[in-house]
Amino acid sequence: MGLIASSFIEGAQILLVLALAPLLTGFVRKIKARLMRRRGPPLLQPYRDLVRLMRKDTVVAHNASWLFRAAPYLIFACTWLASALVPSFAADLPFSPAADLIALTALLGSARFFLALAGMDVGTSFGGIGASREVMIASLAEPAMIMIVFTIALFAGSTQLGTIATLFATSPVGLRVSLGLALVALVIVAIAENGRIPVDNPATHLELTMVHEAMVLEYSGRHLALIEFSTSLQLLLYLSLIAAIFVPWGVAITGATPAAYAFGGLVYVAKIAIGGALLGAFESAIAKMRVFRVPVFLGTALMLGLLGTLLLFLSASL
Amino acid sequence: MLPWLLVLVAGLLGLVVVALLGRQRAITTPLLYGASLLVAAGLLSVAAAGFARGTEASLVLPLGLPWLGAHFRLDGLSFFFLVIVDLGGALASLYGLGYGRHEKAPERVLPFFPAFLAAMNLVVLADDAFTFLFSWEFMSLASWALVIAHHREPDNAKAGFVYIVMASFGTLVLLLAFGLLAGRDGTYDFATIRTATKPPLVAGLVFLLALVGPGSKAGLVPLQVWLPLAHPAAPSHVSALLSGVMTKVAVYGFVRIVFDLLGPPDWWWAVLVLALGGTTSVLGVLYALMEHDIKRLLAYHTVENIGIIFIGLGLALAFQANAMATAAALALTAALFHVLNHSLFKSLLFFGAGSVLVATGERDMEHLGGLIHRMPVTAGAFLVGCAAISALPPLNGFVSEWLTFQAILLSPILPQWGLKFVVPAVGAALALSAALAAACFVKAYGVSFLGRPRSSAAANAHEADPFSLAAMLTLAALCALAGIFPATVIDQIAGVTEGLLHARLPLQAGNDFLSIAPIAASRSSYSGLLLVIFIAGAMALTAFVIHRFGSRLMRRSDPWDCGYPDASPLTQYSASSFAQPIRRVYGTLVFRAREIVEMPPPGDGRPARLTVELHDLVWDSLYVPIAHAVSAIAGRLNHFQFLTIRRYLGLVFSVLVALLLGLAIWG
Amino acid sequence: MEHLSFDVAHLLAGSLLLISFLQLYQDRLTGLIHLFALHAGILALSVAWQALLQDAPHLYITAAIALVFKGIVIPLTLHRIMVKLGIHRGIETVVGTGPTMLAGMGLVALAMVVMLRVTPGADPLAREDLAFALAVVLLGLLMMVTRRNAVSQVIGFMSLENGLILAATGAKGMPLVVEISVAFAILIAFIVIGIFLFRIRERFDTVDLQALDRFRGERS
């Protein structure tokens with residue numbers, strides 16, 4: 001593929017995820033509102049929120065350090081990079097040598113590390129409560145994600161996202177038990193990592209029910225805009241990952257025509273829309289769990305991921 | 001090459017004499033640390049030069065036992081560990097130039113510091129059992145003297161006692177191992193042992209002894225109890241050497257005996273090493289999460305990282321037992337890379353803890369806070385260390401963890417069922433310990449350096465002196481470099497695996513974007529350089545766009561306090577409260593953790609009390625019964641102190657008759 | 001097509017295992033009964049698929065028995081017992097849910113390793129289905145051992161039986177007679193247990209077996 005074509009495709013991928021993320025958030029909010037017989041905010045409201053926040057001054061506590069001010073940029077950069085690496089409309093992107101699934105998980109871990117530190121920075125109890133609960137949830141969600149990565153990698157023979165996506169898109173995989181277990185586990189991990197109901201309520205204003213919101217309580221203005229953008233990007237990342245691995249039809253593979261890429265893009269937007277609608281319906285149907293039920297919930301995901309890996313260790317046809 | 005190294009080691013021993021003779025501490029301290037810095041740097045450069053050229057050498061000196069002599073040898077493995085020992089030693093000496101000024105009893109520290117460095121170098125260079133054991137015991141004694149340097153402090157006496165008992169136990173086990181290896185003829189030099197054939201029973205027994213002996217020095221569960229007591233008790237630069245370097249010398253001992261001297265392994269060896277490594281890594285980090293003393297927390301993290309190293313070594317054994325040499329090379333490379341990484345970031349973290357201790361006089365996190373404003377450079381270097389040990393890309397901790405995961409992903413081809421059962425469980429344990437380590441360092445950094453100061457000592461802290469800062473910044477830079485240029489490190493380690501396993505990973509130097517592709521580029525690859533470029537570029541672009549099109553203004557104000565002004569810094573999260581969710585999830589099972597709240601009745605103005613009860617199950621179930629048994633036996637044997645003369649004579653007489661009887665029957 | 005039939009059989013057996021696992025996680029009695037009904041439904045589907053693969057029409061009857069009795073009648077009856085006895089809706093466990101699930105994971109791994117190890121020459125589809133079935137049996141036993149509530153122990157017993165049926169149908173050729181007798185034996189056992197539950201509830205006002213130990217004079 002020519003250099004111009006590959007940089008065009010990569011640029012399209014990077015800008016697509018950036019443009020689509022707030023729309024996805026707006027879409028999920030709209031679905032949840034409609035299911036509750038409300039009209040809900042407009043679909044493009046998150047874009048307006050971001051622009052408004054960018055234009056405001058940022059108010060920072062007296063004792064906040066340089067870490068507090070630099071963290072939103074670092075978090076946004078890590079999350080943007082991670083979501084740009086997940087195949088969306090094309091299975092094999094030009095930057096796939098850097099797109100390692102374990103590195104992606106670790107990048108999201110970096111973002112979370114700095115977010116937790118930023119929560120501890122101001123020295124109020126709200127930041128502490130958010131950070132301590134977040135690391136407890138992460139201590140189970142991250143190993144579960146690694147076990148899911150193992151299951152997928154053992155199946156595909158590689159941890160590179162380009163290879164995995166191409167394999168799932170081209171060869172007939174069939175209905176495999178280990179992949180089924182990995183899918184259930186990945187859905188649970190996605191809910192936990194994005195802070196959706198039943199693990200965390202993204203729309204709450206009660207500090208004692210917050211996990212993610214408590215860590216970002218002190219942020220305002222452009223910093224808050226970056227953090228909210230990162231949250232939307234992370235949701236898009238997980239939905240894209242589920243779509244690329246478990247619903248891979250319609251993705252353009254290497255050497256496809258521009259029409260195939262455009263078709264891939266349309267299919268991708270449709271998959272994300274369906275995923276967002278399912279998420280909205282799921283969140284509206286169940287209630288938030290007590291904080292200390294969440295480890296058991298995530299422990300289930302870890303066990304299912306471990307079971308999927310174990311099955312692939314024991315027999316290649318499972 | 002080798003004679004130069006031995007001359008430099010002799011120079012270190014000469015420094016011991018200088019320290020003993022020196023009277024004026026203001027001159028002796030900088031002189032000694034400066035000299036040991038130069039000697040260690042010299043050793044490091046000689047070793048690095050030899051490593052790059054791939055030379056091997058042996059030497060026999062007429063010291064020690066008359067019929068044996070002292071054998072010394074340099075090969076790939078010794079070179080690698082020499083680099084680690086001397087890099088740690090040089091940086092600890094540099095740190096000591098600044099830190100040593102605050103030492104209250106320098107005459108108890110200064111003579112033993114160069115002795116400790118010399119002993120560690122000798123262990124790595126030794127090529128026969130006697131020299132090895134002599135240097136090993138010398139290393140234990142020198143470090144023990146350093147551990148009890150401040151023996152009047154309450155915990156240090158117990159720490160020294162437990163340490164010397166466990167160190168002697170380790171040496172005894174190693175003695176047995178070498179005795180079995182030497183065989184009936186009693187040939188103690190490694191060259192002969194290497195080529196001799198060992199029956200499977202002897203090989204298995206030697207393996208178990210090699211796992212227990214060096215394993216206890218490295219800190220494998222259940223032999224790790226001395227480590228969290230001893231490492232915090234020593235002065236900070238010595239703690240860095242104990243955690244970052246001496247544990248690696250123990251790993252060297254294990255690798256030398258099992259991979260070099262023993263020959264082809266059995267698959268069940270790998271199961272045992274993997275199981276112990278997995279348990280150690282998870283237990284170590286859980287212990288660390290319950291701690292709020294910075295140095296003890298770092299010591300428990302050493303236990304965790306030793307577990308990770310042994311997981312890599314176990315995988316290498318598994319592959320080698322099944323004659324899959326390239327996969328074994330990958331696993332061994334991962335383990336050795338982690339050895340290097342851990343010595344770098346653990347030293348960095350201990351140096352930071354030492355600077356905090358000097359600046360505030362406090363080791364307890366619950367009395368610190370807000371240090372990022374008072375000690376900015378230390379805080380920055382410590383942050384790099386925390387990020388590196390939490391395995392965050394693009395730093396070096398992530399690379400060794402990634403390599404270990406790649407080795408695990410190669411394991412389904414291992415045929416034995418025991419391995420198929422253990423390896424996925426160990427993979428889950430590794431992922432769990434990495435996530436918990438990140439949680440622990442958010443706690444350590446967040447409570448000590450961020451937030452508001454919890455005591456006046458923390459509020460009045462001052463930045464560390466230039467030498468300490470230089471040492472810390474060098475280590476931080478090395479962590480970053482090892483993360484961005486891992487291909488160079490892997491190619492250097494390939495020399496070691498070539499010597500031990502006769503296989504190596506493909507040459508990494510020519511890959512695009514300095515990426516590493518341990519198996520094949522199409523299979524899995526990682527590029528730290530690309531990640532750094534992308535993250536930096538994205539941050540710069542975002543900042544530019546926002547500052548151009550959005551707002552650039554910033555105001556300072558009070559933090560959100562729900563309308564109740566929050567004057568006391570004690571309302572912010574402490575270390576125990578940060579760890580409470582994790583303590584509730586894991587602690588009830590692993591430590592039988594209980595929280596007891598005593599609330600005064602309404603109207604009573606007394607404060608409520610929260611007590612957290614933790615039990616160290618390893619100590620209670622293994623060491624306390626042994627201590628009681630030894631005590632009971634000693635009590636019984638005490639009777640022999642008070643016998644009458646007639647009874648003593650009777651004792652001598654009966655033993656004599658028994659020996660003669662034995663001679664008669666089995667003569 | 002053959003590969004797909006393999007996969008569907010494995011998928012159904014794996015879903016059975018998944019639901020057994022989720023039963024360990026449940027802490028409400030209503031949820032547990034619903035999961036058991038789902039368990040029986042998936043078992044019926046699995047047996048029906050085996051009937052299709054092995055071309056054995058009598059297995060369809062087995063599937064129907066599983067669906068009607070275990071999937072509909074027994075959950076409804078249990079629900080009524082629960083309402084009538086006014087049993088406390090929560091389920092107390094002997095050790096916390098976390099360690100129970102860890103033990104469940106270990107048992108599944110053990111069952112897989114044992115089954116795949118002792119049958120090296122057999123048909124791969126049958127081997128792996130047997131492995132899943134043994135895992136379901138062991139998880140049912142674990143549930144019986146780690147629960148204090150009598151109703152949840154009954155459900156553990158029933159899911160154990162489901163695992164046995166999965167094993168029997170997977171192994172190619174189980175006569176209908178055996179199935180009917182097994183089903184009747186289970187039904188009788190169930191009626192007996194139900195009677196006992198009523199008696200216990202009448203006398204002691206609780207079905208918590210821990211409390212029964214206290215009444216028997218043993219230490220709790």
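**Chains, contacts and strands**

Mentor: Starting at the N terminus, the elements of chain C run α-α-α-α-α-α-α-α. Helices (H or I, at least four residues) and strands (E, at least two) are DSSP runs, numbered from the N terminus. This is a predicted model, where local features need pLDDT of at least 70, side-chain atom pairs count only at pLDDT 80 or more, and totals for chains, interfaces and linings use all residues. Residues are numbered from 1 along each chain as its sequence is written, while chains are lettered from A and ligands numbered from 1 in the order in which they are written.

Trainee: How many helices and strands does chain C have?
Mentor: Chain C has 8 helices and 0 strands.

Trainee: And what percentage of chain C counts as buried?
Mentor: 41% of its 220 residues. A residue is buried if 20 or more other C-beta atoms lie within 10 Å of its own, exposed if 12 or fewer, and partly exposed in between, with C-beta atoms placed from the backbone.

Trainee: Switching to chain B, how many of its residues are in contact with chain A?
Mentor: 72 residues of chain B, against 72 residues of chain A. Contact means that the C-beta atoms, placed from the backbone, lie within 7 Å.

Trainee: Which element gives the largest share of that side of chain B?
Mentor: α18(B), with 14 residues.

Trainee: What about the residue classes there?
Mentor: The side of chain B that touches chain A has 42 nonpolar, 20 polar and 10 charged residues. Ala, Val, Leu, Ile, Met, Phe, Trp, Tyr, Cys and Pro count as nonpolar, Asp, Glu, Lys and Arg as charged, and the others, Gly among them, as polar.

Trainee: In which sense do β1 of chain A and β3(B) pair, parallel or antiparallel?
Mentor: Parallel, over 4 bridges, with β1 of chain A covering residues 58-61. Two strands pair if DSSP finds at least two bridges between them. B:R555 in β3(B) is the bridge partner of A:V59.

Trainee: Then β4(B), how many of its residues are buried?
Mentor: 0 of its 5 residues, 594-598, so to speak hardly covered. β4(B) pairs with β5 of chain B (residues 609-613) in the antiparallel sense over 5 bridges, and B:T611 in β5(B) is the bridge partner of B:I596.

Trainee: Last one, what is the mean confidence for chain A?
Mentor: Chain A averages a pLDDT of 91, and 99% of the residues score at least 70. pLDDT is the predictor's confidence in each residue, from 0 to 100.

Terms used
Contact = placed C-beta atoms within 7 Å.
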